[in-house]
Amino acid sequence: SSPELRDWFETILPGSVSNGRTHVLDGDLPKRDWLFAPRSPLLSASDGALHTVVPGRPIGLGPEDLKTLARADVHLHFYGDINHRGWQPWIEEARRVAPHHLHLHSHVDQSRWVEEFSQYDAGWLHFLRSDNGGDLHRASWDDLNYPARMATLAVAGTPLLQRDNGDALVATQNLTQARGMGIFARDIAEVGDRLRDREAMTRMRAEAWSQREQFTFDAHADGLLAFFQEVVASKAMRTSRFAAD
């Protein structure tokens with residue numbers, strides 16, 4: 001699903017990419033139809049606190065991290081009824097250490113993504129530390145993967161929050177840095193400072209909003225079709241040469 005994952009496959013199966021029959025496309029992209037709901041004002045504009053969202057599992061965040069976030073008045077809004085059931089012990093401990101800064105919300109379908117998620121200052125990707133040191137051979141699935149929530153947040157124009165992994169090779173870091181819509185923190189204690197940089201946040205929010213369509217399947221459909229046509233044409237040409245020989 002990512003260029004980094006493509007390159008990893010080439011190291012494991014040499015020729016699998018250079019044969020010209022490889023196309024990279026995120027498999028979790030939503031339809032363009034869901035872009036056209038109204039954008040919501042930021043919650044932080046009304047109460048002065050900072051509000052972040054997790055539409056999925058809070059991977060890389062522990063209850064103690066919520067305690068640290070609460071000290072900086074950073075709220076976490078956790079979506080998904082199924083996720084809540086699977087993370088009940090986590091929720092109970094997080095509520096114990098940060099009783100006023102964890103908020104649970106039910107599942108939101110695609111028609112409400114923009115309206116619901118655009119009200120948050122940032123959306124969490126997987127907050128994980130990479131130790132590959134920039135070496136593709138040492139990269140893990142977490143380094144190479146695009147989480148499904150990335151497109152969900154992007155179509156709402158919500159800046160994407162993740163750990164700053166420096167020179168490590170991390171697919172989400174490469175993508176969001178290139179697009180200017182990623183917020184990077186070296187640790188949880190740094191998150192509040194990053195979110196309070198109003199100039200940077202305004203710029204990232206504008207970039208995220210302007211690039212929403214690139215996170216829909218429709219924006220990439222023509223390229224995918226062209227790839228299939230090229231593969232079919234190439235196969236037909238090889239078959240024709242084989243028959244002639």
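Reader: In which helix is Arg96 found?

Author: Arg96 is found in helix 5, which covers residues 88-97; helices (H or I, at least four residues) and strands (E, at least two) are DSSP runs, numbered from the N terminus. This is a predicted model, in which local features need pLDDT of at least 70 and side-chain atom pairs count only at pLDDT 80 or more, while totals for chains, interfaces and linings use all residues. Residues are numbered from 1 along each chain as its sequence is written, and side-chain values use heavy atoms, with hydrogens and water left out.

Reader: Why does Arg96 count as exposed?

Author: Exposed means over 50% relative accessible area, buried under 20%, and partly exposed in between, with a 1.4 Å probe and protein chains only. Arg96 has 58% relative accessibility, and therefore counts as exposed.

Reader: What makes Asp121 a residue without a salt bridge?

Author: A salt bridge is a side-chain nitrogen of Lys or Arg within 4 Å of a carboxyl oxygen of Asp or Glu. For Asp121, which is buried, the nearest side chain of opposite charge is Arg205, at 6.6 Å; Lys and Arg count as positive and Asp and Glu as negative, whereas His and the chain ends are not counted.

Reader: What joins the side chains of Asp121 and Ser44?

Author: The side chains of Asp121 and Ser44 are joined by a polar contact of 2.8 Å. That term stands for a pair of N or O atoms within 3.5 Å, where within protein one must be able to donate a hydrogen and the other to accept it, and residues adjacent in sequence count only if both atoms are side-chain atoms. Asp121 is found in the loop between helix 6 (113-117) and strand 4 (122-124). Leaving aside neighbours within four places in sequence, Asp121 is in contact (heavy atoms within 4.5 Å) with residues including Leu42, His51, Pro159 and Met201.

Reader: How do you know that strand 4 and strand 5 pair?

Author: Two strands pair if DSSP finds at least two bridges between them, and strand 4 and strand 5 (residues 160-163) have two, in the parallel sense. Strand 5 and strand 6 pair in the parallel sense over four bridges.

Reader: Why are strand 3 and strand 6 called edge strands?

Author: Six strands form an open sheet in the order 3-2-1-4-5-6, with parallel pairing. Strand 3 (102-105) and strand 6 (182-185) each pair on one side only, and are the edge strands.
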